[in-house]
Amino acid sequence: MKYTLNDIVKITGGEVVGDGDTVVTGVASLRKATGDDLSFARDEAHLPAARESAAGAFLLPACPDGFDRPAIVVENPFLAMTTFLAVLADAKTAQPPGIHPTAVVGEGTRLGEGVSLGAGVVVGRECAIGDRCTIHPNVTVGDRCRIGEGTVLYAGVVLREEVEMGCRCIVHPNTTIGSDGFGYLQEGGKHEKIPQVGTVEIGDDVEIGAGCAIDRAALDKTVIGSGCKLDNHCHIAHNVEIGENTIMMAYGKISGSVKIGRNVILAGDASTVDNIEIGDGCIIGAGSGIAHSMKPGEVVWGKPARPIGLEKRIVATLGHLPQMRRDLKHLKRELEKDRDHA
Amino acid sequence: MKYTLNDIVKITGGEVVGDGDTVVTGVASLRKATGDDLSFARDEAHLPAARESAAGAFLLPACPDGFDRPAIVVENPFLAMTTFLAVLADAKTAQPPGIHPTAVVGEGTRLGEGVSLGAGVVVGRECAIGDRCTIHPNVTVGDRCRIGEGTVLYAGVVLREEVEMGCRCIVHPNTTIGSDGFGYLQEGGKHEKIPQVGTVEIGDDVEIGAGCAIDRAALDKTVIGSGCKLDNHCHIAHNVEIGENTIMMAYGKISGSVKIGRNVILAGDASTVDNIEIGDGCIIGAGSGIAHSMKPGEVVWGKPARPIGLEKRIVATLGHLPQMRRDLKHLKRELEKDRDHA
Amino acid sequence: MKYTLNDIVKITGGEVVGDGDTVVTGVASLRKATGDDLSFARDEAHLPAARESAAGAFLLPACPDGFDRPAIVVENPFLAMTTFLAVLADAKTAQPPGIHPTAVVGEGTRLGEGVSLGAGVVVGRECAIGDRCTIHPNVTVGDRCRIGEGTVLYAGVVLREEVEMGCRCIVHPNTTIGSDGFGYLQEGGKHEKIPQVGTVEIGDDVEIGAGCAIDRAALDKTVIGSGCKLDNHCHIAHNVEIGENTIMMAYGKISGSVKIGRNVILAGDASTVDNIEIGDGCIIGAGSGIAHSMKPGEVVWGKPARPIGLEKRIVATLGHLPQMRRDLKHLKRELEKDRDHA
């Protein structure tokens with residue numbers, strides 16, 4: 001990258017202070033920036049750190065007295081930085097438009113305008129890929145999938161047959177969508193597979209991390225609502241339904257037929273038993289194991305999960321447990337002694 | 001799909017009640033079915049739900065009085081549905097037979113009859129792929145692998161060199177079989193790799209979920225017995241041996257050289273230390289950490305795992321722990337007071 | 001493989017005892033070896049097991065009286081075996097040199113001498129791939145990546161754009177390096193993506209297991225120091241920095257911006273909160289959840305983690321917890337009774 005402050009101010013808004021022809025070739029945090037980097041002070045409290053920083057140019061909420069280095073002064077420097085970063089990120093991840101000669105597209109598949117299919121991409125039969133989708137190299141899309149406009153599938157992603165995906169989704173490398181749910185009939189110690197003929201439906205603006213697995217429903221649909229964000233290594237079992245704008249950090253593990261509401265936050269490594277319901281706006285602490293349905297707005301932590309206040313008290317008390325046992329033994333002996341005296 | 005009840009009854013057995021020419025184009029649960037769907041009542045207790053359902057046709061254990069919609073009456077509707085679903089699933093996942101022009105097959109590799117190799121598949125040298133195997137797009141099979149008849153490898157699966165796999169196995173997308181075990185010699189703070197030259201042997205009728213990793217043995221074989229079923233994201237370290245028909249739910253983590261018996265059930269997220277033995281028929285609760293060998297038939301839960309009855313009592317008591325500490329302090333004070341009085 | 005003892009002694013050093021023309025075609029542990037296998041006794045304590053073994057030839061620390069089978073006597077048989085195994089492993093995993101006709105290499109990319117690019121490999125634009133790198137089939141390397149000499153990427157690995165990787169690294173199948181970090185701005189219940197334009201820098205001699213995900217930094221670099229070894233299914237969030245020679249067993253989960261020192265050992269399934277620092281030489285027990293920074297050399301265990309001695313006492317005491325509660329209730333009643341009497 002190579003931008004002048006005059007280029008950047010057109011993207012971010014705000015006002016250039018100092019030399020607008022100053023060139024930056026990278027972006028970095030205040031602490032790590034060098035003279036070629038643009039950096040930013042999130043708010044006035046970070047201005048002293050900006051003074052200390054070696055960055056070549058800055059996005060600042062205000063220009064402090066005697067600050068003599070080139071900057072853009074803008075109301076919300078973090079938002080301005082994010083806006084600029086989005087332009088940068090698009091440039092960094094841009095793929096050549098069109099269909100790479102080594103890509104394979106099945107019969108009856110419709111490709112929208114401006115679609116990019118990378119080298120080694122395989123798209124099955126009778127799919128519909130929306131306008132401006134970017135499908136990176138070595139992705140596999142099964143038969144009869146439907147993908148909305150502007151969705152990005154990174155390398156190594158696999159969509160099995162009939163998966164439906166909304167617009168502007170992002171799926172990170174080596175994630176699987178539409179694998180069979182885990183269902184068997186026990187017959188004399190053997191496990192007969194229950195065929196999984198449902199599918200997966202993913203809303204708009206969903207982002208899914210690397211190495212996730214989202215199973216297809218047995219009969220109906222596994223559903224991930226619009227605006228959901230899943231971190232790496234998440235596991236969504238068959239028939240799960242997740243409401244809009246729910247966030248799941250790395251290693252979320254949702255068992256079969258669980259219903260999760262909107263705007264739920266699951267911290268990393270949280271898991272659930274199957275067939276429960278988690279209400280809107282619940283917050284689930286890291287590593288929690290949810291064994292029962294949760295009412296909207298509940299905040300829990302622990303394995304098994306408890307109301308967060310109680311769990312915190314338990315955790316704090318556990319450090320005293322060995323001493324408690326010694327105290328208890330001592331008390332017993334004392335009480336016995338007292339009685340012997342009496 | 002498009003089936004009449006007369007078509008379906010040939011697959012499921014039973015007897016058509018009502019119009020056998022009724023067409024269904026999907027399959028759904030009673031709750032979610034629409035007029036184009038076939039649904040089923042698992043047993044007589046589900047007949048009221050069948051009456052309420054919008055499904056266009058049914059598999060029923062009996063035709064209740066006044067039920068006037070088309071149905072197939074069959075002794076075990078769930079089994080009948082499963083039988084029909086298997087036909088459906090085969091149709092949905094069917095791949096074109098033969099070798100896609102973009103597939104690459106190494107020298108000396110023998111392909112059985114009716115094998116399907118999808119686009120972008122790479123099979124190494126001197127492999128043997130059994131009759132009717134289906135290898136989906138972008139799968140990589142290393143040199144000298146052997147795969148039994150009728151096995152299905154979904155897109156993105158990687159078998160490294162010399163892996164042996166039985167008949168009728170199913171491996172879901174982006175799973176790895178035959179990665180190096182994790183073994184190093186510590187030499188002055190550095191870690192010298194112990195080369196892993198063993199392999200992996202997988203029996204018949206094994207199903208392995210998406211995103212799993214099964215490491216090759218250091219010298220010998222990592223073994224997964226026939227009939228085992230592994231859910232998504234399982235990790236099997238080097239030299240592990242698992243007996244027949246064992247079930248491992250999502251995120252099972254088995255450390256090096258562990259021996260697991262037959263018909264063991266490991267619930268989700270269970271893990272073990274290395275070098276232990278878990279007897280036949282053991283049941284291991286969700287999230288358990290197994291630190292010691294287990295005798296056949298033991299049932300444990302917890303991290304570290306304890307006999308399930310004890311663990312349940314501990315979990316139930318933990319909620320009282322903060323109060324117990326307060327009580328204990330109070331008792332101490334009271335006892336001291338009594339003594340001061342005495 | 002097919003080696004005589006005379007061949008092997010040239011690799012391992014030591015001295016042949018018995019027939020140097022003895023041929024071995026495999027390598028196995030003492031317990032599992034057959035007459036065609038080479039095996040080894042780690043030290044004198046294993047000599048009785050060597051006597052019992054069916055192996056056809058041995059690496060031994062000394063030749064015991066009356067041991068009449070062919071052997072190589074060498075000071076450190078384990079090291080000798082490892083040296084020989086490395087030769088074997090190289091032979092087993094060797095790939096044809098050169099660029100497979102189905103591999104795709106982007107414009108401006110420089111390939112070193114002796115590079116092997118397998119079938120279906122896709123390398124982006126303006127990359128630099130060092131001498132003697134082996135890139136197995138169906139790997140995807142994004143634009144502007146740099147990979148040092150002798151590095152091996154197994155099938156299905158994905159490096160996104162601009163990742164930098166040192167020399168002699170090994171990355172196992174289906175691992176992702178450079179996926180976006182998980183960062184959003186909350187705006188009225190919706191989650192606006194913070195673009196992740198940093199990258200990942202991996203040192204020399206790093207080994208990364210199968211199915212891992214290493215996220216790129218938001219702005220700067222996620223760093224994995226030279227000599228680090230990561231097992232399968234590890235997750236490294238954005239902006240993490242890990243020092244040299246640190247070991248992370250399966251399912252290590254490191255949250256954003258965590259700094260981990262040198263020669264740290266994280267046992268399996270360990271996790272951290274974000275923004276903490278873990279000093280050099282710390283040891284973290286299996287399944288631990290690290291919630292606070294750790295000073296160099298600390299040894300912890302538990303979730304949340306505590307000093308290992310305390311955690312062990314807590315774990316030991318927990319088994320008594322239900323009885324402690326009963327004792328406590330009993331004491332209370334007794335004390336009340338005493339007072340009633342008084």
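Predicted model: local features only at pLDDT ≥ 70, side-chain atom pairs only at ≥ 80, totals over all residues.
Once neighbours within four places in sequence are set aside, the contacts of Asn138(A) include Ala119(A), Gly120(A), Val121(A) and Gly156(A) from chain A, Asn138(B) from chain B, and Gly120(C), Val122(C), Asn138(C), Val139(C) and Thr140(C) from chain C. With one of these residues, Thr140(C), the side chain of Asn138(A) forms a polar contact of 3.0 Å.

The arrangement of the chains can be followed by superposing one copy on another. In general, two copies of a chain are related by a rotation about an axis and a shift along it. Here chain C is superposed on chain A by a rotation of 120° with 0.0 Å of shift along the axis, at an RMSD of 0.2 Å, and the two copies are thus related as by a three-fold rotation axis. Only 20% of the interface residues of chain C are also interface residues in chain A, so these copies meet through different surfaces. For chain A laid on chain B, the turn is 120°, the shift along the axis is 0.1 Å and the RMSD is 0.2 Å; in this pair, too, the copies use different surfaces, with 20% of the contact residues of chain A recurring in chain B.

Helices take part in the contacts between chains. Two packed helices are described by the angle between their axes and the distance between the axes. For helix H4 (residues 308-318) of chain A and helix H5 (residues 321-341) of chain B, the axes come within 8 Å and cross at roughly 50°, and H4(A) and H5(B) are therefore oblique to each other. On the side of H4(A), the residues that meet the partner are Leu310(A), Arg313(A), Ile314(A), Thr317(A) and Leu318(A), and they face Leu321(B), Pro322(B) and Arg325(B) in H5(B).

The loop between helix H4 (308-318) and H5 of chain B holds Gly319(B), which is partly exposed, with a relative accessible area of 29%. Apart from its neighbours within four places in sequence, Gly319(B) is in contact with Arg306(A), Leu310(A) and Ile314(A); Leu310(A) and Ile314(A) are also among the residues through which H4(A) meets H5(B).

In chain A, helix H5 (residues 321-341) has 21 residues and reaches 30 Å from its first C-alpha to its last, close to the 30 Å expected at 1.5 Å a residue. Its buried residues are Leu321(A), Pro322(A), Met324(A), Asp327(A), Leu328(A), Leu331(A), Glu334(A) and Leu335(A), and what covers them includes H4 of chain A, H5 of chain B, and both helix H4 (308-318) and helix H5 (321-341) of chain C.

Helix H3 (residues 77-93) of chain A can be examined in a similar way: at 1.5 Å a residue its 17 residues should span 24 Å, and its end C-alpha atoms are 24 Å apart, which agrees. Among the buried residues of H3(A) are Phe78(A), Met81(A), Phe84(A), Leu85(A) and Leu88(A), along with Thr82(A) and Lys92(A). In chain C, H3 has 17 residues and reaches 24 Å, and its buried residues include Phe78(C), Met81(C), Phe84(C) and Lys92(C).

Gln196(B), in the loop between strand S23 (190-193) and strand S24 (199-202) of chain B, counts as buried at 4% relative accessibility. Its side chain reaches the backbone oxygen of Ile194(B) at 2.8 Å, while a polar atom of that side chain lies 3.4 Å from the backbone nitrogen of Ala218(B). Beyond residues up to four places away in sequence, Gln196(B) touches Asp180(B), Gly181(B), Gly183(B), Arg216(B), Ala217(B), Ala218(B) and His238(B).

Backbone geometry marks out other loop positions. The peptide bond from Lys303(A) to Pro304(A) is cis, with omega near 0°, and Pro304(A) belongs to the loop between strand S39 (299-302) and strand S40 (305-307) of chain A. In chain B, a cis peptide bond joins Lys303(B) and Pro304(B). Asn174(C), a residue other than glycine, has a positive phi near 60°; it is placed in the loop between strand S20 (170-171) and strand S21 (176-179) of chain C and, at 4% relative accessibility, counts as buried.

Methods
Residues numbered from 1 in each chain as written. Chains lettered and ligands numbered in written order. Heavy atoms only, no water. Least-squares fit on C-alpha atoms with pLDDT ≥ 70 in both. Contact = heavy atoms within 4.5 Å. Helix = DSSP H or I, 4+ residues; strand = E, 2+ residues; numbered from the N terminus. Expected span 1.5 Å × (residues − 1). Buried < 20%, exposed > 50% of the residue type's maximum accessible area, 1.4 Å probe, protein only. Polar contact = N/O pair within 3.5 Å; in protein donor to acceptor, adjacent residues only side chain to side chain. Axes fitted to C-alpha atoms, helices over the stretch in contact; angles between N-to-C directions. Parallel < 35°, antiparallel > 145°, perpendicular 65-115°, else oblique.
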